[in-house]
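Here is a short tour for anyone meeting this structure for the first time. Keep the view open beside the text and look up the residues as they come along.

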Amino acid sequence: MNISLLLPLAGILIGGVFLSSQAPINAALARALGDPLLAACISFGVGFLVLAILSAFRGVWPSGSALASAPWWAWLGGFLGAFYVAIVIWGVPQLGAVSTVAALILGQVVAALVLDAIGAFGLPVQAISWQRIVAAGLILGGLVLSRAG
C-alpha cells in the first residue's frame with residue numbers, strides 16, 4: 001500500500017469508529033429527551049458549534065459570492081446528514097449497533113458503486129467490477145449474519 005494513503009485511511013477508520021459510537025450515544029440522548037428528531041437536532045447543533053468554532057479559529061469563513069457559486073445540489077449535504085443522524089437514532093434501538101452500521105455500510109457501498117460508475121458530482125469514473133460487487137455481497141452477508149440467531 002502507498003504510504004501516502006495511510007494517513008487518510010487511518011482518519012477514515014477513526015471516523016468509522018466515531019460513527020459507530022455516535023449511533024448509540026445519540027440513541028441514549030433520544031431516550032433521555034423522549035424524541036429522536038429532537039436528539040438529532042441537538043446533535044447537529046453541537047456539531048455546528050464545533051465546526052463553526054474550528055472554522056473561525058482557522059480564519060476561514062465563506063463570502064457571500066462563494067456561497068452563491070456552489071451548485072444547488074451542494075446544499076443537499078446537510079439534509080442528507082440530518083436524515084442519516086435521525087434514521088440511525090431511530091434504528092439503533094430497533095436493530096442494534098452492528099446491524100444498523102452494517103446496513104449503513106451496505107447502503108453506502110451500493111450507492112458508491114453507482115456514483116463512481118457514473119462519475120457523479122465530479123468524481124472520477126471507476127467501473128463496477130466483479131471485485132466491487134463481491135465486496136458489496138460480503139457486506140450484505142455480514143448484515144444477514146448480524147440478524148441471524
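## A loop residue with a positive phi

Phe121 sits in the loop between α5 and α6. Helices here are DSSP runs of H or I with at least four residues, strands are runs of E with at least two, and both are numbered from the N terminus. The phi of Phe121 is near 55 degrees, a positive value in a residue other than glycine. Most residues other than glycine have a negative phi. Is Phe121 buried or exposed? With 56% relative accessibility, Phe121 counts as exposed. The cut-offs are these: buried is under 20% relative accessible area, exposed is over 50%, and partly exposed is in between, using a 1.4 Å probe and protein chains only.

A word on the ground rules: this is a predicted model, where local features need pLDDT of at least 70 and side-chain atom pairs count only at pLDDT 80 or more, while totals for chains, interfaces and linings use all residues. Residues are numbered from 1 along each chain as its sequence is written, and side-chain values use heavy atoms, with hydrogens and water left out.

## The whole chain

Now step back. The protein chain has six helices and zero strands, so from the N terminus on the elements read α-α-α-α-α-α. Along the principal axes, the C-alpha atoms fill a box of roughly 50 × 45 × 30 Å.

Of the 149 residues, 17% count as buried. The chain exposes about 10,400 Å², and carbon and sulfur atoms supply 77% of that; accessible areas come from the Shrake-Rupley method with a 1.4 Å probe, and for residues only the protein chains shown count as cover. As for contacts (heavy atoms within 4.5 Å), look at those between residues at least 6 apart in sequence: 54% of them join residues at least 24 apart.

## One salt bridge

How many salt bridges are there? The count comes to one, taking a salt bridge as a side-chain nitrogen of Lys or Arg within 4 Å of a carboxyl oxygen of Asp or Glu. The partners are Arg132 and Asp116, with their closest N and O atoms 3.0 Å apart. Arg132 belongs to helix α6 (residues 130-147) and Asp116 to helix α5 (residues 97-118), so the pair ties together parts that are 16 residues apart in sequence. Side chains of opposite charge can pair when their charged atoms come close.

Arg132 is partly exposed, at 26% relative accessible area, while Asp116 is buried, at 16%.

Helix α5 also holds Ala102, which is buried with a relative accessible area of 13%. Setting aside neighbours within four places in sequence, Ala102 is in contact with Ile139 and Leu143.

## A cavity and its lining

The structure holds one cavity of 30 Å³ or more, and the largest cavity has a volume of about 30 Å³. A cavity is a set of points on a 1 Å grid over the protein atoms alone where a 1.4 Å probe fits but cannot get out, and lining residues have an atom within 4 Å of a point. Points are joined across faces, edges and corners, and the volume is the space filled by probe spheres set on them.

Which residues line the largest cavity? They are Gln22, Ala23, Asn26, Tyr84, Val85, Val88 and Ile89. Both α1 (6-33) and α4 (76-95) supply at least two of the lining residues, and α4 gives the largest share, four residues. Asn26, in helix α1, is buried at 6% relative accessible area. Beyond neighbours within four places in sequence, Asn26 touches Ala39, Ser43, Val85 and Ile89.

## A nonpolar patch outside

Leu33, Leu38, Ile42, Val46, Val50, Leu51 and Leu54 make up a nonpolar patch on the surface, with about 580 Å² of accessible area together. Patch residues have over 30% relative accessible area and no salt bridge; like charges are joined within 9 Å, and nonpolar side chains (Val, Leu, Ile, Met, Phe, Trp, Tyr) within 5 Å. Helix α2 (residues 36-58) gives the most, with six residues. Leu54 lies in that helix α2 and counts as partly exposed, at 46% relative accessibility.

Notes. On a 1 Å grid over the protein atoms alone, a cavity is a set of points where a 1.4 Å probe fits but cannot get out, and a pocket is an open set with protein on both sides within 12 Å along at least five of seven lines; lining residues have an atom within 4 Å of a point.
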